[in-house]
Amino acid sequence: MPDPASWDVIFGAGSDQVVLGVDFPAASRREAGFAELAARIGPGYKFLHTKPPAARSGQRICGDAYVGPWIEAVQQGRHQVVAVLGFCVGSVYAAAIAEGISRWQPMPKVILFDPQSASAKLLGREFHSEISSLSSLLCDDEIERTRKAATGFSESAGDVACAAAELAGMYWEVSSAAFERVGLGGAYDDKLIAPFESYISWLSVADQIDPGQVWKRSTAIVSSDYAELKDEESLAADASMIGWTIPFDVGHADLLRSDSVAEAVLDLLASG
């Protein structure tokens, strides 16, 4: 059994056929997650899901230190890994994990869902989304200042780690003041600010990883929104980077809860 500090079993605990799902868990997100996909595939596979490190974005963690514990925990589990699945930026980590696993067993299949690369543009978008969720707690000056900052990040092509550190500092400053005003005191840090900083760290560290060689041997399952995401935000992976692409007439948010997508994944898992 892999170290529970690194992986959660989300379905099929009785199977010895292991499938790894790599994605950042967020309680408030609207997109379906790997637990929903696993439930549609059934108990023939044991699905494990990554637990991101409890990292703060200012720590400047290197890619190997971030990914290494996931790989080591899987090796200790001593089960053959059939496939590694990645969602959005999780697709970058999926490539690194699969490559690490290939050191002691045949390379597992790699299946990507709307794969994305990390960028300052993506950081800006996520910062804007998070600040928007707090807008009712912010004063007009704070809203205007963070809106301008989000726009600046979104238009930037600079260093992702530096952008993440700057963004995290501004998020702490604005959100902690807002939480203090509504009487939350110090309780806001671990429950409200730390999860977002952990997510920013997830995006920042992904920028250090080159998934190109593994992606060339991978299959991407893409939503009907994927082309729009790529054209408008330049966050999606270029089609030439992926070995095979299977499009579905399913929205991005519903990709992992689609029965037709689950059938396709089951076929890929069963294929030789």
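Let's start with a contact. Asp-259 and Arg-40 form a salt bridge through their side chains, 3.1 Å from N to O. Asp-259 sits in helix α10, residues 259-270, and Arg-40 in helix α1, residues 34-41, so this pair ties together parts that are 219 residues apart in sequence. Keep in mind that this is a predicted model.

How open are the two partners? Asp-259 counts as exposed, at 51% relative accessibility. Arg-40 is partly exposed, at 38%.

How many salt bridges does the structure hold? Seven. Another one joins the side chains of Asp-8 and Lys-51, at 3.3 Å from N to O. Asp-8 belongs to strand β1, while Lys-51 is in the loop between β3 and α2, so parts 43 residues apart in sequence are tied together. Asp-8 is partly exposed, with 33% relative accessibility. Lys-51 is partly exposed too, with 29%.

Now look at helix α5, residues 140-154. Here Glu-144 and Arg-147 meet in a salt bridge, 2.8 Å from N to O. They are three residues apart in the helix, which means a separation of about one helical turn. Glu-144 is partly exposed, at 33%. Arg-147 is partly exposed, at 39%. There is also a network: Glu-36, Asp-254 and Arg-257 are joined by salt bridges that share partners.

Next, the strands. Find β3, residues 46-50. Is β3 mostly covered or mostly open? Mostly covered: five of its five residues are buried. In a regular strand, side chains alternate between the two faces of the sheet. On one side of β3 we have Lys-46, Leu-48 and Thr-50, and on the other Phe-47 and His-49, all buried.

Which strands pair with β3? Strand β1, residues 7-11, pairs with β3 in the antiparallel sense, over four bridges.

Last stop, the second largest pocket. It holds about 200 Å³ of space. Its lining has 15 residues, and those closest to the centre are Asp-64, Val-67, Ile-71, Ala-96 and Glu-99. Helices α2 (63-77) and α3 (90-101) each supply at least two lining residues. What is the lining made of? Seven residues are nonpolar, four polar and four charged.

Note on methods
Residues are numbered from 1 along each chain as its sequence is written. This is a predicted model: local features need pLDDT of at least 70, side-chain atom pairs count only at pLDDT 80 or more; totals for chains, interfaces and linings use all residues. Side-chain values use heavy atoms; hydrogens and water are left out. On a 1 Å grid over the protein atoms alone, a cavity is a set of points where a 1.4 Å probe fits but cannot get out, and a pocket is an open set with protein on both sides within 12 Å along at least five of seven lines; lining residues have an atom within 4 Å of a point. Grid points are joined across faces, edges and corners, and a volume is the space filled by probe spheres set on the points. Ala, Val, Leu, Ile, Met, Phe, Trp, Tyr, Cys and Pro count as nonpolar, Asp, Glu, Lys and Arg as charged, and the others, Gly among them, as polar. Buried means under 20% relative accessible area, exposed over 50%, partly exposed in between (1.4 Å probe, protein chains only). Two strands pair if DSSP finds at least two bridges between them. A salt bridge is a side-chain nitrogen of Lys or Arg within 4 Å of a carboxyl oxygen of Asp or Glu.
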